[in-house]
Structures are given as structure tokens and as C-alpha cells.
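Subject: Structure handover

Hello,

The structure we spoke about is below. Please open it and keep it in view while you read the notes that follow.

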Amino acid sequence: MLSETITLISLIIALVVSLYFFILLVSIKRKRKDSIKGTLILAPIVLIVGIVITFIVQETGILSITLVLSVILILSYFKNLSNDDLEKSQGIDVLSAPELPDEEDEKEKAEKAFFEDNKSLLTAGKDFVVHAGEAFSEEAGLARLLEFINTSIIHETKADGGAILLIDDFDDVISVKAFTGDFPPPYKLPEDLPHKVVRVETSFRFAQFTLTENIFGAIAMNGKAELITDPASDSRIYQNEPEDFLKCGSYIIIPMTLQDNVIGVIALARRYGSPLFTDKEFRNAQILTDYACASIKNIYTFQEIKEHSEMTREAEISGKIQKTLVPKQLPQIPGLSIGAFSINSEGVCGDYYDVLPSRKDRVSFLVSDIAGKGMNSLIIMIMIRAILRLIVNTTQSAATILSWANRGISIENNIDHFASLALINYDTTTNKIQFATAGSTPILYYDAKSEEIRKISTSADPIGVEKMTDYTDNEMEVHSGDVIALYTDGIVEAVNSSGNQYSTEKLIDTIRSNNKLSSKEIVGLVKADIKNFTGSTRQHDDQTLLIIKVL
């Protein structure tokens with residue numbers, strides 16, 4: 001009797017559980033549609049029917065059969081679920097798992113929200129780049145770009161006024177390059193400046209400041225953006241009261257940085273009594289400043305490329321002209337052996353040499369070192385060459401020839417110029433040399449009789465420095481075997497990888513030890529010796545050597 005009661009209670013419990021399971025599945029299917037399939041709902045129905053029949057006929061075998069059928073139906077459901085919807089069902093409880101949000105949709109929504117929130121900033125940044133591109137072809141392109149950037153940032157931050165100041169590295173000042181709107185000056189106004197709106201604005205528009213003792217220079221040197229909402233407590237800000245338009249409100253000042261180098265600042269202001277700048281407006285101003293710096297960098301890069309291209313083209317043209325000035329072949333002078341070489345370091349060579357058989361009794365030798373490179377040095381070289389070739393045909397002495405050449409060059413005030421020059425006049429009839437030097441171009445003399453070598457030139461003002469400079473004549477007799485060397489400082493100042501110079505001593509030793517050779521051979525040995533000394537080290541000065549040997 002007890003066993004039957006237990007069986008009855010078990011059947012009732014199983015029936016209740018099955019009914020609850022059935023109702024739960026039906027409810028889930030209604031809410032989630034295809035999430036629950038019919039085979040799973042059929043399993044509790046079969047079980048309920050089996051329990052009812054077992055209860056009626058009192059045969060537990062029927063319950064066992066229906067239980068097996070229910071298990072088969074459940075297994076069939078999970079098998080179909082695995083085959084048909086594996087991706088959805090992995091790791092999810094079929095009965096209770098909530099729907100997961102679509103991560104791609106959430107990401108897309110976040111990106112869309114960010115774009116909408118920063119749409120005006122992104123548009124402004126794009127406009128900066130567009131205006132930078134247009135500025136390439138304009139003479140005042142950078143100034144126009146700065147004005148546009150300044151106006152745009154004022155609009156985006158709702159500032160009352162703004163200015164862009166750039167640093168001049170040569171003068172150590174920071175200057176206003178763009179200005180618009182109302183900008184209460186945070187610096188001390190000049191004592192003699194009337195406190196009138198127009199006068200103060202005009203003064204600021206063309207103002208220059210040192211990099212110390214003012215808020216613009218201080219932030220530029222510090223390199224850190226600042227939001228100033230309490231100017232009265234900031235010792236860097238000067239209060240130019242009592243006029244209302246001079247009272248300081250709030251400021252945003254942001255360094256403009258290119259490749260870790262601060263080139264200036266963008267300064268924004270709000271009038272006294274206006275709402276203070278917010279952190280969001282401060283952040284927006286920093287973002288726009290980054291866009292502005294990128295645009296300005298494009299302008300600077302373009303200008304550098306353009307300047308380099310122009311310099312390269314100028315150097316190519318000048319180099320071709322210069323080649324026509326150097327003697328293609330040294331003249332044959334009876335009783336003399338002549339050798340020379342000239343190597344330019346880069347661009348147009350500033351060195352020049354010439355051999356001029358001007359009269360039957362005179363041969364002129366000259367070596368010149370023109371200051372600088374490029375077209376200016378080429379112009380001076382051409383002028384010196386033309387003047388000397390004209391004057392050496394006269395009976396004037398070497399010092400007089402240099403004086404006349406100096407006066408001719410000095411009157412050209414529109415050219416930054418000067419040149420060192422050594423001139424030797426050799427008298428073929430008396431075996432005497434007359435020489436004069438301007439600047440520091442040296443002359444070495446090897447005396448074959450005493451086997452001594454010494455410097456015989458003296459220093460004087462270079463050509464082109466002072467119009468009334470007088471130069472000094474020197475005369476001496478030369479003999480067979482004597483060697484005279486004229487050279488520019490690029491010879492003795494040639495450096496090796498260790499930074500050591502070739503030196504005058506090495507040049508003297510090479511000439512002395514090879515004095516029995518011809519001038520061409522001595523020149524060749526000096527050239528080779530310098531090359532061996534310097535190796536692959538790049539030289540920054542031109543090298544010219546002219547050697548005369550008396551036969």
C-alpha cells in the first residue's frame with residue numbers, strides 16, 4: 001500500500017513538473033518565435049500523456065516507454081539545433097539566455113555620435129588643409145592662411161577675439177601675424193599709447209614681444225597650453241584698467257608645435273564680464289591648433305622645397321657660367337713651369353685663379369677666394385676677372401691694380417661681397433716678381449739656393465670692404481729652381497674624419513720634398529696627399545692651388 005502511495009505521489013509530481021515545463025516552453029516560443037522548435041514542446045506532451053495513461057491503467061511500463069520517447073524527442077531537438085543554428089546556440093542556455101546586443105551596431109552608433117559631436121571641428125580641420133593648398137601659389141599665402149585659421153578658431157570656440165603670434169628665432173621675439181575681434185591686452189601697454197579702442201587694436205596688430213616678461217612668450221617657451229579663467233591671480237598678465245575694454249576676461253593660449261619645435265602661439269580671449277571659456281572649448285581649441293600646425297607645416301615644407309629647387313637651378317646655371325671663367329689650358333711661358341687645380345665643395349665655387357700673359361715683359365698670376373657661394377659670388381668673380389684682365393695690360397704695379405679693382409667692386413652697394421686676392425706680376429726680362437695681396441690669400445716661396453720655404457704675403461683688407469684701402473707692393477728676384485705657391489685656405493683647412501686639418505706645415509713639406517719635380521707633378525702630389533688625408537670626409541670649403549716654378 002505504501003509503495004502504491006509513493007508511486008501515485010511520484011506520478012502527480014511528474015505530471016505537475018511536465019505541465020510546468022510545457023507551459024514554460026509555450027510561453028518562450030510565443031515571445032521568441034523561432035527560438036523554440038516543435039520537437040522540444042512535443043517531448044513534455046508525450047510525457048504527460050504517458051503519466052495519465054499510467055495513472056489510469058496502473059502500468060508503469062507505459063511510463064517507461066513514454067519517458068524514452070520524450071528523451072528521444074529532446075535529443076533530436078538538440079541535434080537539429082547543432083546542425084542548423086550552431087553559431088547562435090554556442091554558449092547560450094536555450095531556455096533562459098537573453099539576446100546579446102549587436103557589437104557592430106553599437107560601435108557604429110558610437111562612431112556616428114562622435115562624428116556628429118565633432119563635425120564642425122573636422123570640417124574646420126579639412127578647410128585648413130584646403131586653404132593651405134591654395135596658399136602654395138600665392139605670394140602672401142601664409143599670411144592669408146593664418147588669418148583664416150584665426151577667424152575659424154574664434155568662431156568654433158565662441159571667443160570674442162584671437163591672435164596668432166609666430167617666433168622669430170633670429171631676433172628672439174614673438175610677433176603678431178594675425179589678429180581679429182576684441183582682445184583685451186594681457187600685457188602692459190606703452191606709456192605713450194592713448195587708451196582708445198582703435199589705437200590699442202592697431203598697436204597690437206603690429207606688436208612684437210620678447211620671449212620673456214609677457215604671457216605669450218612665457219607659454220611659447222613653456223610649451224604647455226593654458227586655460228586662464230582668473231587673470232587677476234596670474235602674475236604674467238598685466239591689468240591695463242580702468243577702461244572696461246582693457247579689463248582682462250578669460251584666455252586660451254596654446255603653443256603651436258612643429259616636430260617638437262614651438263613656432264608660436266594661438267591666443268583666444270573673452271571680454272571682461274563675458275562667460276568664461278569652458279574645458280570643452282579649451283579642448284576644441286587644442287584640436288584645431290593641431291590641425292592648424294599640420295597645415296602650416298605643409299606651407300613650410302613647400303617653401304623649403306621651392307627654395308631648394310630654385311637654389312639648385314641657380315647653382316646649375318652659375319656652375320655652367322663659372323666653367324667658362326677657369327682657364328681651360330694653362331699657357332706655355334718660356335722659363336716657367338705652371339701647374340694648378342681647383343676643386344669646389346658644393347654649388348658654385350668661390351675660388352678663382354687665372355694666368356694672364358698681358359705684355360711681352362709681364363705675366364700675371366692671381367688666385368682669389370670670393371666670400372659666399374651662389375649667384376652673388378659668381379657676379380663678383382666675373383667683375384674681378386673683367387677688371388683685372390683690363391688693368392694688367394697697363395704699366396701699373398700690382399698694388400695699384402688691386403686698389404683700382406677694389407674701388408670698382410666697392411661701389412656696388414647692392415651686393416653683399418668681398419674677396420681675398422693675391423696678384424703676382426712676373427717680369428720675364430729681369431726674372432723679378434712684384435706682388436700684392438688683399439685679404440688673407442697666402443703666397444709661399446721656396447728658395448732653391450737656401451732650400452728654405454716661407455710665407456712672403458702680408459694681410460690687408462679684402463677687396464670690396466673699404467673703397468679707399470691702399471695695398472702694398474713687394475718685389476724680389478727669383479732664380480732657377482725656385483717655387484712659388486698661391487693657394488686658398490680650403491687647402492690647409494681640409495679636414496679628416498677626426499676633425500684634424502691638413503695644415504700649412506703638410507703643404508710646405510710636400511712642396512719642399514718634391515721641389516725637383518715640375519709644377520704639374522707637385523700639384524698632383526699635393527692633390528693626392530690631401531685626398532689621402534681627408535678620405536671620404538665631406539669638405540666645406542673650396543680648394544685652389546697654383547704653383548709656379550722657375551726653370
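Two strands pair if DSSP finds at least two bridges between them. Helices (H or I, at least four residues) and strands (E, at least two) are DSSP runs, numbered from the N terminus.

Two remarks on how to read the values. This is a predicted model, in which local features need pLDDT of at least 70 and side-chain atom pairs count only at pLDDT 80 or more, while totals for chains, interfaces and linings use all residues. Residues are numbered from 1 along each chain as its sequence is written, and side-chain values use heavy atoms, with hydrogens and water left out.

Confidence

The pLDDT is the predictor's confidence in each residue, from 0 to 100. The protein chain averages a pLDDT of 80, and 72% of the residues score at least 70. Over residues 85–98 the pLDDT is below 50; beyond near neighbours in sequence, this stretch has 14 contacts in the model. Contact means heavy atoms within 4.5 Å.

Strands of a sheet pair through backbone hydrogen bonds, either parallel or antiparallel. Here, five strands make an open sheet with antiparallel pairing, in the order E7-E16-E15-E12-E13. Strand E7 (336–343) and strand E13 (452–455) stand at the edges with a single partner strand each, so one side of each has no neighbour in the sheet. On average, neighbouring strands of this sheet are turned by 15° against each other, direction ignored. For such angles, axes are lines fitted to C-alpha atoms, for helices over the stretch in contact, and angles run from 0 to 180 degrees between N-to-C directions.

Which residue of E15 is the bridge partner of Tyr445? The partner is Ile484. Strand E12 (residues 443–447) runs antiparallel to E15, and four bridges join them. E15 also pairs with strand E16 (residues 543–550) in the antiparallel sense, over five bridges. In that pairing, Ala485 has Ile547 in E16 as its bridge partner. E12 and E13 are joined by four bridges, again antiparallel, and the partner of Tyr446 in E13 is Ile453. Helix H15 (residues 519–534) lies across E7 and E16 and runs at about 25° to E7.

Is strand E15 buried or exposed? Five of the five residues of E15 (residues 483–487) are buried, so the strand is largely enclosed by the rest of the structure. Buried means under 20% relative accessible area, exposed over 50%, and partly exposed in between (1.4 Å probe, protein chains only). In a regular strand the side chains alternate between the two faces of the sheet. Both faces of E15 are covered: Val483, Ala485 and Tyr487 are buried on one side, and Ile484 and Leu486 on the other.

Aromatic pairs

Rings of Phe, Tyr and Trp (its six-membered ring) pair if their centres lie within 6.5 Å; planes under 30 degrees apart count as stacked, over 60 as edge-to-face and the rest as tilted. The structure holds eleven aromatic pairs. One of them is Phe179 with Phe204, which is edge-to-face at 5.0 Å centre to centre, with 85° between the planes. Phe179 lies in strand E2 (residues 173–181) and Phe204 in helix H8 (residues 197–205), so the pair ties together parts that are 25 residues apart in sequence. Both Phe179 and Phe204 are buried. Phe204 also forms a tilted pair with Phe209, at 6.4 Å centre to centre and 50° between the planes. Phe209 is buried too. Ring pairs link Phe179, Phe183, Tyr187, Phe204, Phe209, Phe216 and Tyr251 into a cluster.

Backbone details in the loops

Most residues other than glycine have a negative phi, and most peptide bonds are trans. Lys158 has a positive phi near 55°. Lys158 is in the loop between helix H7 (141–157) and strand E1 (161–168), and is exposed, with a relative accessible area of 59%. Glu213 has a positive phi near 65° and lies in the loop between strand E3 (208–210) and helix H9 (215–222). Glu213 is exposed at 81% relative accessibility.

A cis peptide bond joins Glu241 and Pro242, with omega about 20°. Pro242 is found in the loop between strand E4 (226–228) and strand E5 (250–258).

Regards
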